[in-house]
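I opened this notebook to record what I looked up on strand pairing and on one helix. The entries follow the order in which I consulted the structure.

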Amino acid sequence: MVSRSVYRPFFVVLLLCCAGVVGYAYATAETKPKMDQYRQQASVPFDQREPVVPPRENATVVTGHGMNGDAAAVVAFAPDGRVLYYNDTYAGYEDVDPVPNTSATVEYVAEKSLTGERGDACDAKCTVSVVERVNLSTGDVTRVHSRIIPQDRGANWHDVDRLDEHRLLVGDIHRDAVFVVNTTTDVTTWRWSVADDYPITEGGPYPVDWAHLNDVERLPDGRYMASLRNQDQVVFLNESGLIEGWTLGSEDDYGVLYEQHNPDYIPESRGGPAVVVADSLNDRVVEYQRRNGSWEQTWVWNDSEMIWPRDADRLPNGNTLVSDSNSNRVLEVNESGGVAWSIPFYSVYEAERLGTGDESAGGPSAVRANLASRTSSGDPRGVYEEVAHALLPRKTVNGVTFVLPMWAGLGELLAVAVAALAVLAWAGLELRDSSLTVDLEWPVTFRR
């Protein structure tokens, strides 16, 4: 039997070590102080603002999805690193695109809850999804389009692609559909439903959050591309519907894609056909090249910190701008696989580098740019992630990281779990060695 003189010091040291891990993370975390700094800097005149992120050759616009509205914002950073624009009006911001023929104007998609604000129609939950245009230099905001969705914010629009002056291509999570709407008349002029081509036995729970259609894009040749997150697939569409033989990925084929976000198409003129994807639940960014009628993986990147990326844009210089949601950062990966630039940002959804085209519109394929792949395999810094994924499914791990405080990661979560187990074990040993006994009869009595 182990004596108290042995196990008590052991548990004290173990708990102090766990507390030290958590305390150090809290004291040194950058995300919350940085988000506070972005907001504070936006409140002073621009000529009095100080650089808050490393400089870059063009302005960078970042959207944050937030968690229960916490620190959700769209923020633009000037090339010298100062805050150019800040807005936290909504509970979450998703897609952001530059407006053609402008130098500092973007359109973003955002949402907020309307619970209790629309009478009986919203007695359950409602969300309003909006598309707004903002001049980052003047701060002038114009509402372009909006729609009330009779469901909570999980069903809000995540992506809208502008087709022309009056038409938007919308990815509708609530209705599991892609549609074109005229913003002047509010008339839907074309629509494709996932249910037209997919059985309801594939994907998420039907009918709520079945496909989770989180991205749409019009391709240079007039086709459309959409991301069916819960079917683990990127699909190609024309006016007649699904284009057979072009789908990237398949249901539950997690080695190809696992609940991906924001695929970007690279055409033949820039080394494609290729698709660069934020392969979210695989914790990586990956690219597939179209060869001989099928898709072949040609590039992959992650590091030990990456958790649930949501966006990856190929820049004209061959670098890749990555939004790493659950690691609360935006980073730029260079052609050799190194990190050329990085900033903290809470629950980032998408990042856009102005002057480089919409998303990956100006970037080359990995094959043409001869990009170097990189993974965290064998990196000792990734031990926490490896332990977590060995014990729990990836979806559970990423779900937990999504609700963790801004300052906490998998290492801190593991430390808390170890501390909790240590407390239980210590209590068990103390009870075993205690002279206090319990009579398991009613009424319960204690005796020594």
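This is a predicted model: local features need pLDDT of at least 70, side-chain atom pairs count only at pLDDT 80 or more; totals for chains, interfaces and linings use all residues.

I looked up the strand order and found an open sheet of four strands, S8-S9-S10-S11, with antiparallel pairing. Strand S8 (159–162) and strand S11 (187–193) are the edge strands, each pairing on one side only. I recorded an average twist of 20° from one strand to the next. As background, strands of a sheet pair through backbone hydrogen bonds.

Entry 2, S8 and S9. I checked how S8 is joined to strand S9 (residues 167–172) and found four bridges, the two strands running antiparallel. Within S9, Leu168 stands opposite Arg162.

Which residue of S11 is the bridge partner of Val178? I found Trp192 in that position. Strand S10 (residues 177–182) and S11 run antiparallel and are joined by six bridges. They form a hairpin with four residues between them. In the turn, I noted a positive phi of about 65° at Asp186.

I then looked up burial in H6: Leu410, Gly411, Glu412, Ala415, Ala419, Ala422 and Glu430 are buried, the cut-off being under 20% relative accessible area.

Notes: Residues are numbered from 1 along each chain as its sequence is written. Side-chain values use heavy atoms; hydrogens and water are left out. Two strands pair if DSSP finds at least two bridges between them. Axes are lines fitted to C-alpha atoms, for helices over the stretch in contact, and angles run from 0 to 180 degrees between N-to-C directions. Buried means under 20% relative accessible area, exposed over 50%, partly exposed in between (1.4 Å probe, protein chains only).
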